[in-house]
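Okay everyone, thanks for coming.

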Amino acid sequence: MYRNQKATLSLRRAIASGVPRTPGRIELVPLDAALRSELLATEDRFRRSPLITSGDPELVLHSWGWWASDGARHFSVVRVWERGGPDAVRRLLDLVPDADPSSVLAKAAAALEHPDGLDRFREGIEPYEDPEALPQVFATPRGRNATRRLMREIVHEPYVYDFPRLIAAHHEHTFEPEPIEELLRHEDVDESIRQALTTRASDLGSEPVDHLRSTAYDARLHGWFVETVEQGLLGPEQLVNTAQPAAAALPYLRHVDARARGHAVDLVREHLAGHPEAWVIALNLVETFAGSLAELITTAASVAGPRPDAEELARLDANARTTDAPDPAEAPAPALTHAEQREREKVLDPHAALASAHLLRTLVSGAPLPTDPAVLDVLAATHMTHFPGLSHPDWLVEACDRHASPDTRRRLVRKTTDGHGKPDLLACRQGIVAPSEMVARTPAREMSPLPRDWFTRDVPAEAAVDAARRLVADRLGTDPERWLRALAAMDTDRAEGPFVELLEHGSADTVPTTVLTPAGAGLLLHAGTDALAAVLPRLDTQATLTLTERACATNHLPDALLDHLFTHDNRAALLVLARSSRHRDLNLRLLAVDDPTINATLFGAVHSSRSTVEIRRIILSRRPQGRTADAPDDLLPLAPELREQLLARPYFDKRSAKYHRVLVEAADPELVEHALASWGKRLPLPDHLLAARNALRHGGPGRLRSLIDRALLSVGAAKVATKALSAPDPVAVLTTRLDKELSTERLVAKLRTCGEYEHEEVLDLPYTRDWDVLIRAHEQDPFRSRVWGTIARLPDAPDELAPAAFEYWSCFIDRTLTDRGPSWARAAIGNIPNLSLQRKEWAAVLDALLERGLLSGKEIIHGGAMANRMLHYLAEVSVRQEVPTALQAAVQDATNELAVLAGKLLGTDDEAWQRLFAALTGKDPHWPIPDSRTTPAALLHHASRTPLVHHCP
């Protein structure tokens, strides 16, 4: 039972403890000797950690690993002492290396010196055996992420699982989903316990609508409401009709099904539209009204009386325009949840406010100065690294002299006088220095190939790469002699001087080299395709390998080098690429070489996640990727070392199951048979059918019959295979059944029933992906956002899914984005999670998208989320030097559009500009509006209008 893959940690702890479960038996059950030896040799945490209850010194020490907490160690040593007495503890101490710093062991050693040492040592022990301990842990409120982190560790702790107490605690304080999932795995769980644990406290003795009506709405109740709606127990409209108070429920309207918002809109149109008096009453009541939103709307309309007719509305409107009314009260700031406040701060990016304001003021002649001291304080506090210039702009100094507080003026003077030089790459990005000048003056030894601080997440700055390539091409060209002297100079004192001097003069008196060193290889990475073809033949036979190793070690793989390696088919160098490649496009290009050794390297270790299921599936199919196969049996061989690895009998566990199951898809009957014999019982019917078809295709009917006769196939698969063998075309019979089992409809069903984070593994399975079917299924019954986003990011996903692909994606996007088309580019810049990364990261992405024509300048203005971020980017690139022509044209297009909008919407209106400055610096409580567009165009439209206000009572 201990070896069983489905054995829970609590069951293994019970077995390791030796405590008998047979009624009447009191003596401990010893651990099987073979199992004991096997466990002492294993490194698997899930097999080691349960040994903490064993009381055996060797097993206890082995159970600790690096993960055991001091509390668990303390408990385990107490168990050793109780079982074997002081001598067992001394034996444990003797087994521990002298370097072990454990305070628990030091305490145990001290306790051994006292007659009542065990009682002393028990003091302060973690109450694992207290039935109330685990319920208290699970009932303690904490965030979902904290709960997930806790559960990863707590499952290995030897707590007592008292289910009556756990159920009572759950019904008093509903547990988070992760503890419930863990409890449901326990070996003692029966249907009654399962039912009790899956029933929420709020569900006991009341209907969902009654619970919603009787409980004040908050974030916790909102989570319950969303789950209840998903289960079909409540309609989303109940958030409007039943949830109360209205002010608490109102912010959550944008987080639920659109039907709730639609229902609210319908109520507003029916009762408030065209009824100013009802609007005034509703706005004054909303903060204190105890009922639901629907009740608030109908009550306001009822108190206000009949809706005025069209003539009366026209008269009221005319009076409002001509009457000298007092200034309206300041609109109260919208009530934001904690999550919304964090999102607002992320979207604002106030450090970009100064550069954004400076750009806009340069586009509108006569633009007013900011006058709000709070706004000026934010602008003056801006560090110069966030502004494309060497000092604060003159207009800010003037505005601070006129309107800022003394503290703000002193801060501005201090920041102006205490400024330091900016890093090279930042100065280059902000137009202070040209890329060519930056490269030319950098010490040559650092240009091998580039300084590390010119990389962003292992991606080199494109401006620096282009400038270095231009400089090297201009100074060295394709002349082998000049190249060989320069390569030799990279290993001399000349390399300490500026890069340009080494290229121009440093190689004049240097003896040409024929051996490529790592330093010289770094220089050679700046060579073009023609230069590589001219220089490499003049170097030693290992030069190409040295060059490739240098490229991989420095994360700089220029296209010229890749083209050279693939054109000349240098297998040794391509093998180096295969060892280090992490990019799908490069892996596919390497597979097209059709080299078994390269394929084996790309496959990697069976348990490793370095290689994807997609790559492994291609390798195991043995189909040529670089040419068209001549016949069905025209297959590539698998490298001997790969076959040996795959035919080994590794320890199977659920976490790496996807890397094991792909073996049934191998075009190799021996591998298929090995997979079935080793872990076939853990594989579902579709995998058994795939195994049967591959055994038939590549081993013949006899091989398939052997699998059936030895019961290696499941009962269902064996029936289908037997039927296939009696048919004229056995492969067609198996394929027909597989088409059904692996249809897109089955994929949809699987995605709807899988666990929260299991969808990625489901999408790795060989289901057919009919995009029309998937899109239609999502339209009829939407998948969870995280699931649909993962589907949308699949390599073969249609462009129309691009917006969904970025909803939950927050990562630095490399060149793969530029290969997906304009719709992906537009979706990417409209996605706040992506744009919340560092500005320098997204500046590089925007450069690439604009330069390649995937975005227009106008799309930056009207489609780029986070206005401050987009305006800051334009402020920098508009003053940058040596900008590529295509990028320069796109930025000019953007600034022209921005100038037109700013002139039209703001002009020189002082109030509009003050609203703009407040919005840029985060001092406008009405910007950004949650769930509304945050583009530069939306910002200008917002600043041009006075916010809707109401008089507070």
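Predicted model: local features only at pLDDT ≥ 70, side-chain atom pairs only at ≥ 80, totals over all residues.

Residues are numbered from 1 along each chain as its sequence is written, and side-chain values use heavy atoms, with hydrogens and water left out.

Salt bridges, then. We count a side-chain nitrogen of Lys or Arg within 4 Å of a carboxyl oxygen of Asp or Glu, and the structure has 50 of them. Take Arg869 and Asp349, which meet at 3.3 Å, N to O. That pair links distant parts of the chain, 520 residues apart: Arg869 sits in helix H54 (residues 867-877), and Asp349 in the loop between helix H21 (338-348) and helix H22 (353-363). Helices here are DSSP runs of H or I with at least four residues, numbered from the N terminus.

Are these two buried or exposed? Arg869 is buried, at 8% relative accessible area, and Asp349 is buried too, at 9%. For us, buried means under 20%, exposed over 50%, and partly exposed in between, with a 1.4 Å probe and protein chains only.

Now compare Arg48 and Glu43, bridged at 3.0 Å, N to O. Arg48 is buried at 9%, whereas Glu43 is exposed at 59%. There's also a network of salt bridges linking Arg79, Glu82, Asp119, Arg122 and Glu129.

On to the rings. We have 9 aromatic pairs; rings of Phe, Tyr and Trp (its six-membered ring) pair if their centres lie within 6.5 Å, with planes under 30 degrees apart counted as stacked, over 60 as edge-to-face, and the rest as tilted. Phe75 and Tyr128 have centres 5.6 Å apart and planes at 80°, so they're edge-to-face. Phe75 is in helix H5 (residues 70-95) and Tyr128 in the loop between helix H7 (117-122) and helix H8 (133-139), 53 residues apart. Both are buried. Ring pairs also bring in Tyr159, making a cluster with Phe75 and Tyr128.

Last bit: the surface. Glu745, Asp770, Asp772, Glu779, Asp799 and Glu800 gather in a patch of negative charge. Patch residues have over 30% relative accessible area and no salt bridge, and like charges are joined within 9 Å. Glu779 is in helix H47 (residues 771-780) and counts as exposed, at 63% relative accessibility.

How values were computed: Patch = residues over 30% accessible without salt bridge, like charges linked within 9 Å, V, L, I, M, F, W, Y side chains within 5 Å. Areas by Shrake-Rupley, 256 points an atom, 1.4 Å probe, with all protein chains shown as cover. Lys, Arg positive; Asp, Glu negative; His and termini not counted. Charge placed at Lys NZ, Arg CZ, Asp CG, Glu CD. Helix = DSSP H or I, 4+ residues; strand = E, 2+ residues; numbered from the N terminus.
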